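Please read these notes with the model open beside them. They are set out as numbered points, and each can be checked on its own.

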Number of protein chains: 2
Amino acid sequence: MTTATESLRKKAEAAKAASRLLARASTATKDAALANIAAALERRKDEIAAANKQDYEQSKRDGMNASMLDRLLLDAPRVTAQAADVRKIIALPDPVGETFDARVLPNGLRIGRRRVPLGVIGAIYESRPNVTVDIATLCLKSGNAVVLRGGKEAIRCNTLLAQLQRDAIAAAGLPADAIQFVDSTDRALVGEMLKMRDVIDLMVPRGGADLIRMVSREAAMPVLAGGVGVCHLYVDKSADVEMATEIVFNAKVQRPSTCNALDTVLVHRDAAQRALPAIGRRLAAAKVELRCDPQSLAILQKADVDRLTAAAPGDFGMEFLDLIASVKVVDDLDGAIRHIEQYGSGHSEAIVTSDYAAANAFMDAVDAAAVYVNASTRFTDGGQFGLGSEVGISTQKFHARGPMGLREMTSYKWTIFGDGHVRP
Amino acid sequence: MTTATESLRKKAEAAKAASRLLARASTATKDAALANIAAALERRKDEIAAANKQDYEQSKRDGMNASMLDRLLLDAPRVTAQAADVRKIIALPDPVGETFDARVLPNGLRIGRRRVPLGVIGAIYESRPNVTVDIATLCLKSGNAVVLRGGKEAIRCNTLLAQLQRDAIAAAGLPADAIQFVDSTDRALVGEMLKMRDVIDLMVPRGGADLIRMVSREAAMPVLAGGVGVCHLYVDKSADVEMATEIVFNAKVQRPSTCNALDTVLVHRDAAQRALPAIGRRLAAAKVELRCDPQSLAILQKADVDRLTAAAPGDFGMEFLDLIASVKVVDDLDGAIRHIEQYGSGHSEAIVTSDYAAANAFMDAVDAAAVYVNASTRFTDGGQFGLGSEVGISTQKFHARGPMGLREMTSYKWTIFGDGHVRP
């Protein structure tokens with residue numbers, strides 16, 4: 001083992017040991033620790049911003065592009081906003097200890113399932129330093145220890161944020177070791193971290209598709225894999241054109257860089273002439289580029305819609321994360337369902353329809369984390385779904401699916417209370 | 001790709017396609033298919049027994065030991081019993097479609113989580129041919145397709161059972177491809193199967209610890225890992241000796257070959273003189289060998305208990321699966337908890353106590369799939385816990401923990417019904 005690997009190993013082991021104490025911490029203690037973190041963020045916001053400025057200037061000199069630089073930026077107002085987010089976590093219910101399916105069995109055994117933390121969460125992320133606080137505080141409230149490994153671009157700011165949080169939780173009587181930060185930027189260390197199945201219970205990659213794929217492929221422990229959202233909206237034969245236009249517009253334009261933003265518009269052939277021009281104009285006015293199959297292209301060109309191109313095969317099944325959408329005319333509802341089955345990533349899929357049977361058929365047939373009737377895919381979010389903050393959005397079917405809030409960061413144990421019961 | 005790998009790939013892809021149809025099959029159709037399977041088992045029981053006899057004789061000639069031969073045996077009475085087990089699955093509630101956490105959000109969106117099947121389950125198992133029916137029927141009821149890969153010792157009987165089930169479900173109108181059987185006994189194929197993450201959603205290994213470890217290590221998809229149960233029972237200072245004796249006896253002796261059988265007895269030092277002789281005599285009378293730490297050995301020798309040996313270090317943390325138990329005196333409740341933390345496998349752990357505070361402290365501190373107060377660890381079982389049949393017992397904290405019944409073989413999707421909702 002290299003020195004860096006050894007140091008990581010020690011941190012992960014310390015996190016494991018701390019996780020046992022944290023698992024039994026009261027809600028009041030965890031909330032006090034969160035309040036300490038929020039207060040420290042506010043008190044030291046200028047210091048944090050200064051560390052971030054160093055990271056920022058360095059990355060700028062290294063030629064980082066503007067959108068990446070914006071992700072990296074953590075100025076004093078953003079730190080204040082983050083402190084407010086931490087206080088919101090205090091207000092969320094603590095999932096640990098919640099007991100469900102509890103009952104007395106016919107033989108008198110009192111049985112139930114009690115929520116317990118998962119243990120140690122590993123987080124691997126890229127340039128956003130706010131993740132250092134986001135993930136650590138969600139883990140803290142859900143009783144999980146955390147090993148954080150951020151990008152090298154944000155190393156100064158991340159180091160400060162991690163130490164600040166360790167001090168804050170220690171001041172509340174919790175083990176500082178429940179929050180670990182990997183301060184080496186050696187890339188090989190990520191590979192080592194992904195092998196540490198005995199001390200890290202779940203890996204959460206936060207970043208681009210390449211990072212998520214690499215972590216999913218190489219991790220020896222379970223991975224909260226999500227992030228990739230190839231989202232479709234199907235405009236049914238019976239769709240109200242105005243509703244379809246507004247939902248498509250919202251899903252595509254409101255925040256195109258997110259995983260729940262719309263990528264592909266599918267239109268029933270009997271609705272295409274009626275719906276496509278209105279949808280096309282609304283999107284073009286917002287500077288959305290439309291990559292169209294031959295049928296939709298003909299209709300949109302005839303309607304003099306701007307920013308049209310012919311779709312290449314790769315434009316279907318593509319997550320654009322930008323003001324681009326692909327458009328296709330399908331024969332019917334089944335055609336839409338088959339297209340989604342082939343090209344979807346299991347994230348968020350929507351139908352706009354006035355037809356009760358079509359709404360139900362779409363809902364029953366489409367298999368994705370979130371399936372919508374007459375609503376924007378942009379709602380796929382822990383906050384919007386009423387879960388409070390989220391650690392991520394899972395597109396897996398194992399464990400939790402869709403937005404992962406605090407409750408989804410737990411497991412459970414069966415609790416059985418007897419009076420000398422033996423199995424016959 | 002070799003021909004065998006290509007054939008496996010095709011079967012897994014066919015299972016994936018069939019899983020989409022099976023996911024939407026009604027409970028009535030699935031139950032009719034199960035009834036067909038039960039009827040076919042009864043009708044063809046002599047044919048099945050004859051195929052099994054060939055497997056059995058071959059394995060006997062190859063030198064298989066008696067206990068393995070017993071696992072391989074599937075005679076006509078056992079087939080009849082299996083048909084009865086299949087009928088029990090018909091009586092269980094269908095988890096698919098069950099909707100939970102459903103509500104109307106403040107903005108009017110109607111949201112809920114609806115259970116859906118996981119997709120395709122891969123099963124890798126050893127000599128027991130009954131697994132071919134057990135797993136396939138539990139998958140069927142929970143809407144999952146299955147790819148079965150049994151041991152080469154049972155190949156004739158397994159091939160027949162798989163074909164019988166394919167025919168039976170096809171007769172009910174379900175796709176025969178929802179049940180796939182890998183008839184090649186090429187060992188390299190297992191490695192290939194474990195890579196097929198795109199078409200197999202969950203891998204279930206059924207067999208010895210080596211098989212489970214290999215599958216857990218090599219599978220690219222999630223694994224239902226369980227099976228290894230290093231189970232402890234702690235006799236607290238305040239324990240009722242008679243209760244402790246009966247529970248230890250039941251947990252160790254009732255069926256020692258199971259994963260929920262007791263492996264290690266821990267005794268509070270203040271209870272050791274009082275409890276150990278009674279427990280030791282009861283176990284010795286059932287021919288249990290006791291591997292003792294120095295303190296317990298001295299007490300048990302003084303009490304003239306039979307079948308005592310000094311414990312080697314490896315006797316703690318060992319799953320015996322036989323009439324053997326290790327015994328250790330601990331200083332107090334904390335000592336017991338620390339021992340379990342170090343040596344337990346997260347399966348089933350028990351305390352026997354009359355002390356309310358000790359019962360709660362043990363329940364809160366011990367992290368295992370099932371934690372017991374004053375009851376035998378032998379209850380850790382889907383049937384005993386009221387889940388109906390079980391696919392396995394998971395010792396993982398991700399997804400389901402403990403016995404996995406039909407509901408634990410599902411995921412869910414978020415269903416969202418709006419009226420033109422867009423995100424502000």
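**Notes on the predicted model**

1. Helices and strands here are DSSP runs (H or I of at least four residues for helices, E of at least two for strands), numbered from the N terminus. This is a predicted model, in which local features need pLDDT of at least 70, side-chain atom pairs count only at pLDDT 80 or more, and totals for chains, interfaces and linings use all residues. Residues are numbered from 1 along each chain as its sequence is written, while chains are lettered from A and ligands numbered from 1 in the order in which they are written.

2. Which residues of helix α12 (residues 294–302) of chain B are buried? They are B:Ser296, B:Leu297, B:Ile299 and B:Leu300. A residue is called buried if 20 or more other C-beta atoms lie within 10 Å of its own, exposed if 12 or fewer, and partly exposed in between, with C-beta atoms placed from the backbone. The four sit on the same side of α12(B), because they cover an arc of only 165 degrees around the axis; the arc is that of the directions from the helix axis to the C-beta atoms. On the face turned away from the buried side are the exposed residues B:Pro294, B:Gln301 and B:Lys302.

3. The cover over the buried residues of α12(B) includes β8 (262–268), α11 (269–285), β9 (289–292), β10 (308–310) and β11 (324–330) of chain B. Contact here requires that the C-beta atoms of two residues, placed from the backbone, lie within 7 Å.

4. Chain B has an open sheet of four strands in the order β5-β4-β3-β6, with parallel pairing. Two strands pair if DSSP finds at least two bridges between them. At the edges are β5 (179–181) and β6 (202–206) of chain B, each pairing on one side only. From one strand to the next the twist averages 20 degrees. Strand β3 (residues 120–125) of chain B is joined to β6(B) in the parallel sense over five bridges, and B:Tyr125 stands opposite B:Arg206 in β6(B).

5. Two helices lie across strands of this sheet. Helix α6 (residues 130–141) of chain B lies across β3, β4 (145–149), β5 and β6 of chain B and runs at about 165 degrees to β4(B). Helix α9 (residues 209–218) of chain B lies across β3 and β6 of chain B, at about 165 degrees to β6(B). Axes are lines fitted to C-alpha atoms, for helices over the stretch in contact, and angles run from 0 to 180 degrees between N-to-C directions.

6. How are the two chains related? Chain B is superposed on chain A by a rotation of 180 degrees with 0.0 Å of shift along its axis, at an RMSD of 0.1 Å. That is the relation of a two-fold axis. In chain B, the C-alpha nearest the axis belongs to B:His399, 1.9 Å from it. Superposition is by least squares on the C-alpha atoms of residues with pLDDT of at least 70 in both copies.

7. The contact takes 52 residues from chain B and 52 residues from chain A. On the chain B side, β16(B) gives the most, with 11 residues. The residues of that side divide into 27 nonpolar, 14 polar and 11 charged. Ala, Val, Leu, Ile, Met, Phe, Trp, Tyr, Cys and Pro count as nonpolar, Asp, Glu, Lys and Arg as charged, and the others, Gly among them, as polar.

8. An open sheet of 10 strands with mixed pairing has the order β10(A)-β9(A)-β11(A)-β8(A)-β7(A)-β12(A)-β13(A)-β16(B)-β2(B)-β1(B). Its edges are β10 (308–310) of chain A and β1 (99–104) of chain B; each has a single partner strand, so one side of each is left without a neighbour in the sheet. Strand β13 (residues 370–375) of chain A pairs with β16(B) in the parallel sense over five bridges, and A:Ala370 stands opposite B:Trp414 in β16(B).

9. A:Asn374 lies in strand β13 of chain A. A:Asn374 has a positive phi of about 50 degrees although it is not a glycine. A:Asn374 counts as buried because 23 other C-beta atoms lie within 10 Å.
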